Amino acid sequence: MKQSGAAGRLATLRLLVQRFAFLSLIVASVALMILGKADILLIEHTRTLVADALAPILDAMARPAATIAQVTDNFHELANLRTENARLKEENAKLMHWQTVARRLEAENQILHENLNFVPDPDPAFVTARVIGDMGSAFGQSMLLGAGSKDGVRKGQAVLTGEALVGHVAEVGLRSSRLLLITDINARTPVLLEATRTRAILTGDNTQRPRLSYISGSPTISVGDRVVTAASGGAFPPGIPIGVVSSVTDGIVRVEPFVQRHRLEFVSIIDFGLGGILPFERPPPPERRRRSKEE
Amino acid sequence: MKASVWVKMDTWVRHLVPFGITLFLLLLTAIPTHAPGFSGIAPMLPLMGVYYWAIYRPDLLPAWLAFVVGLLYDIVAGTPLGVNALVMLLVQGTAASQRKFFLGKSFAVTWWAFGLLTAGAIGMAWVLISFIKGRALDVSPVIFEYLMTLSLFPLLTWTLARTQLAFLKEV
């Protein structure tokens, strides 16, 4: 192909502009990383804004996926009906025994509460939201939820499924929010070993089983111990079940969460009136704090 | 000959297909699959889109659109903003600059090169995120993600090639 001098120069110029654009895009992404590391509000606002815009599409796409999952689940259940039935019968027998014990304890507890003029915990308000986005990235464990500040979701609130803790709300947009799972590398949850009342911090590391760190004292921890939330820091109300200790090797204690991530379709975002996990914001009001310190 | 408005519009819409498909792949990755074990290690589908179009139609998914795809990926996945933008940008840049090498080569060569490039891309994302978070991340999910991405490549390439034939044969 023949090219005149002018056209040739234009092509060179064009190439130069392209190179320059490429370089400036590289600089822009590095700048974004640095800005993001500095935790400025602008970045977070941009994130939530875009997430809000994508939320309706993601929501629409999540619904058929959930239906397909239900259908395949049904087939699985049909195939395992017999063994499942046997297991449930056995479990039922065990639970019947527990029910008797619980009834007795409940009656006893009620009498004690009356004798002590105990002030009961207020019933928390909650919002139920659909999981609309789960990128399943190897670099972080978070999900997008289809409820935001207009539904009453606020940063730091605890997210539960059934009775178990899933994580907390890390970012809130108008109609979507980001749930940070307890297994994420950034997640730190104050916990309590239920039987020994030992305090520790549950530290996520992007694996399915987060580990316990900063264990107070030197207790004997054994596999199967239940782990629940602790009230320290006023982040979560005490006693929400999290999981059981799954392994103790070389001083590293790992916890198997009760939550099965792939089963999450709806979650409850609960407002306990506490500050939640929010290190950089105003601490919760003192009277609430005092209450949460009692166990 | 001057093309009519309709033909222009048709061409314009067809030219949006590569970006649209890559965006669709991104949203597809974000769907909660409800499959056990899968939720931690979804394949990087948008990366394949960026790679494919960088080789076969770099004019329709240029560097800045790869950057936009990366930014959206960061926002949806919750990774630090800028990490995947940089990764996608570099994958696009590398693939587009070597595209003459790929054209007319067998599929195995494309796959092999994709393996190399993805290893570099995921490795770089790992280094960047570890650096930003201040500690080394667990490697095993990253390797699984890599293998998953690599094994889905033939299927995706077939789909993308079909799309290209259907929409972009003449424009």
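Predicted model: local features only at pLDDT ≥ 70, side-chain atom pairs only at ≥ 80, totals over all residues.
## Strand pairing at β12(A)

A:Arg130 has A:Phe266 of β12(A) as its bridge partner. The two strands involved, β1(A) and β12(A) (residues 266-271), pair in the antiparallel sense over six bridges; pairing requires at least two DSSP bridges between two strands.

Residues are numbered from 1 along each chain as its sequence is written, and chains are lettered from A and ligands numbered from 1 in the order in which they are written.

## Two barrels in chain A

Chain A has four helices and twelve strands. Six strands of chain A close into a barrel with antiparallel pairing, in the order β1-β2-β5-β4-β3-β12. Neighbouring strands of this sheet are turned against each other by 45 degrees on average, direction ignored. Axes here are lines fitted to C-alpha atoms, for helices over the stretch in contact, and angles run from 0 to 180 degrees between N-to-C directions.

A closed barrel of six strands, also antiparallel in its pairing, runs β6-β7-β8-β11-β10-β9 in chain A. Within it, β7(A) (residues 198-203) and β8(A) (residues 211-213) pair in the antiparallel sense over three bridges. The bridge partner of A:Thr203 in β8(A) is A:Arg211.

## Dimensions of chain A

The radius of gyration of chain A is 25 Å, whereas a compact globule of 295 residues would have one near 19 Å. The radius is taken over C-alpha atoms, and the globule rule is 2.2 Å times the number of residues to the power 0.38. Along the principal axes, the C-alpha atoms of chain A fill a box of roughly 95 × 55 × 45 Å.

## Contact between chains A and B

The contact takes 42 residues from chain A and 41 residues from chain B; residues are in contact if their C-beta atoms, placed from the backbone, lie within 7 Å. On chain A, α1 (5-37), α2 (41-79), β1 (125-133) and β2 (142-145) each supply at least two residues of the side that touches chain B. The largest share, twelve residues, comes from α2(A). By class, this side of chain A has 24 nonpolar, eleven polar and seven charged residues. Ala, Val, Leu, Ile, Met, Phe, Trp, Tyr, Cys and Pro count as nonpolar, Asp, Glu, Lys and Arg as charged, and the others, Gly among them, as polar.

Residues making the contact include A:Phe22, A:Leu25 and A:Met33 of α1(A) and B:Leu86, B:Leu89 and B:Gly93 of α4(B). The contact has ten nonpolar, two polar and no charged residues.

Within chain B, the axes of α1(B) (residues 5-30) and α7(B) (residues 140-167) come within 10 Å and cross at roughly 165 degrees. That makes α1(B) roughly antiparallel to α7(B). The crossing of α1(B) and α7(B) is right-handed. In this contact, B:Arg14, B:Val17 and B:Ile21 of α1(B) meet B:Leu160, B:Thr163 and B:Phe167 of α7(B).

Notes:
Contact = placed C-beta atoms within 7 Å. Parallel < 35°, antiparallel > 145°, perpendicular 65-115°, else oblique. Left-handed = near helix turned anticlockwise from the far one by under 90°.
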